[in-house]
Amino acid sequence: MDIYRAAVARVEPLTATMVRVTLTGGDLPAFTSTGVGDEYVRLFFPHGPDRHDLSLPVATETSWETPEGRPTAPMRTYTIRAVRPELHEIDIDFVLHDHGVAATWAAAAQPGDPLGLNSPTGLYDPPADLTRQILIADQTGLPAVARLLENTPEHVTTRVIVEVPDEASVQPLPDHPRAKVTWTYGGNGHSASRLAELVTTALPEDSDLTGTYLWTAGETTALRTVRKHFRKTLSLPSERFKVVGYWAPNADTWTERWEALPATVRAELEALWEDPKDDLEDVTIEYEDRLSGLGL
């Protein structure tokens with residue numbers, strides 16, 4: 001695990017609801033990408049109104065810790081849109097909204113503003129017999145969808161379905177000779193997410209998924225239904241799909257609501273992960289079902 005200091009090189013508006021921030025300098029010459037299209041990093045933001053007061057944590061073998069006497073840096077997880085190692089540059093695309101540490105920072109980002117990040121982790125992992133992939137996401141998944149398309153071999157057929165708030169949020173995606181892209185409107189915190197409906201409509205119970213890999217990303221609570229559809233309705237092995245929760249409604253109060261649960265309930269939920277006997281996707285489904293029942 002490594003921690004890198006970087007600075008804003010430039011800011012580029014993409015649509016009415018998304019902006020691209022290009023990072024450079026600092027420690028980025030030592031940054032190594034995984035090469036995986038949906039790789040993500042933890043971003044460490046400056047404190048308060050002083051956009052240059054960045055208190056970076058110190059890397060440990062498996063995580064990081066804040067230096068004694070320094071405040072803990074606000075941290076959020078973001079997908080990397082592009083890496084240009086020859087230029088020591090990284091692109092991060094931010095969804096803009098009227099609240100939150102990351103969106104507020106990105107909306108006012110200027111060249112020279114510092115930002116921290118850690119080593120990347122990739123999740124997309126298709127099987128060796130891949131001939132078709134289906135990518136379904138809301139707006140937060142757009143950077144990964146675009147990069148995955150860029151990395152897709154020409155022989156692989158790709159179906160892309162993206163839910164964005166409105167037509168003003170549509171942006172060009174990389175061309176691919178065997179890709180079909182559909183845009184739908186709604187969700188994304190402006191109305192109820194339709195990700196589960198989009199998935200079940202595109203992939204009914206009798207779908208032939210030979211050689212297919214399914215990748216879905218977006219609003220976490222909507223994806224609980226998606227995970228169950230993949231695993232229980234379609235009976236897919238875990239290596240045939242990836243479900244990635246990027247954000248959740250009322251995320252700022254989630255920890256408070258979790259800690260308000262009885263200690264015995266929290267202990268039961270945490271115990272599910274201690275020595276799982278079942279497939280991790282099945283454990284995740286049980287865990288998410290319990291959370292849903294508790295209003296989380």
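Biologist: What makes S235 count as exposed?

Modeller: This is a predicted model, and everything said here is computed from it. The relative accessibility of S235 is 54%. The cut-off for exposed is over 50%, so S235 counts as exposed.

Biologist: Where is S235 found, and what is its phi?

Modeller: S235 sits in the loop between α4 and β13. Its phi is near 55 degrees, which is a positive value in a residue other than glycine.

Biologist: N188 also has a phi near 55 degrees. Is N188 buried or exposed, and how do you know?

Modeller: N188 has a relative accessible area of 13%. Buried means under 20%, so N188 is buried. N188 belongs to the loop between β11 and α3, and its phi is again a positive value in a residue other than glycine.

Biologist: Why is S55 called buried?

Modeller: The relative accessible area of S55 is 4%. That value falls under the 20% cut-off, so S55 is buried. S55 lies in the loop between β3 (40–44) and β4 (58–59).

Biologist: What is S55 in contact with, leaving aside its neighbours within four places in sequence?

Modeller: Those residues are H47, R70, P71 and A73.

Biologist: How do you know that the side chains of S55 and R70 make a polar contact?

Modeller: The distance given for the two side chains is 3.4 Å. A pair of N or O atoms has to lie within 3.5 Å, with one able to donate a hydrogen and the other to accept it, and the S55 and R70 side chains make such a polar contact. A polar atom of the S55 side chain also lies 3.0 Å from the backbone oxygen of P71.

Biologist: Why is α3 called roughly parallel to α4?

Modeller: Helix α3 (residues 195–202) and helix α4 (residues 220–233) pack at an angle of about 20 degrees, and their axes are 8 Å apart. Angles under 35 degrees count as roughly parallel, so α3 is roughly parallel to α4.

Biologist: Which residues of α3 and α4 meet?

Modeller: From α3, the residues are L195, A196, V199 and T200; from α4, they are A222, L223, T225, V226, H229 and F230. By class, this contact has seven nonpolar, three polar and no charged residues.

Biologist: What makes β11 and β13 stand at the edges of the sheet?

Modeller: The sheet is open and has five strands in the order β11-β10-β9-β12-β13, with parallel pairing. β11 (179–185) and β13 (241–247) each have a single partner strand, so one side of each has no neighbour in the sheet. On average, neighbouring strands here are turned by 10 degrees against each other, direction ignored.

Biologist: How many bridges join β9 to β12, and how many join β9 to β10?

Modeller: Six bridges join β9 (residues 132–138) to β12 (residues 212–219), and seven join β9 to β10. At least two bridges are needed for two strands to pair, so β9 pairs with β12 and with β10. R132 stands opposite T212 in β12, while A137 stands opposite V162 in β10.

Biologist: Why is β10 described as largely enclosed by the rest of the structure?

Modeller: Six of the eight residues of β10 are buried, so the strand is largely enclosed.

Biologist: Which strands does α3 lie across?

Modeller: α3 lies across β9, β10 (157–164), β11 and β12, and runs at about 160 degrees to β9.

How values were computed
Residues are numbered from 1 along each chain as its sequence is written. This is a predicted model: local features need pLDDT of at least 70, side-chain atom pairs count only at pLDDT 80 or more; totals for chains, interfaces and linings use all residues. Side-chain values use heavy atoms; hydrogens and water are left out. Axes are lines fitted to C-alpha atoms, for helices over the stretch in contact, and angles run from 0 to 180 degrees between N-to-C directions. Helices (H or I, at least four residues) and strands (E, at least two) are DSSP runs, numbered from the N terminus. Angles under 35 degrees count as roughly parallel, over 145 as roughly antiparallel, 65 to 115 as roughly perpendicular and the rest as oblique. Contact means heavy atoms within 4.5 Å. Ala, Val, Leu, Ile, Met, Phe, Trp, Tyr, Cys and Pro count as nonpolar, Asp, Glu, Lys and Arg as charged, and the others, Gly among them, as polar. Buried means under 20% relative accessible area, exposed over 50%, partly exposed in between (1.4 Å probe, protein chains only).
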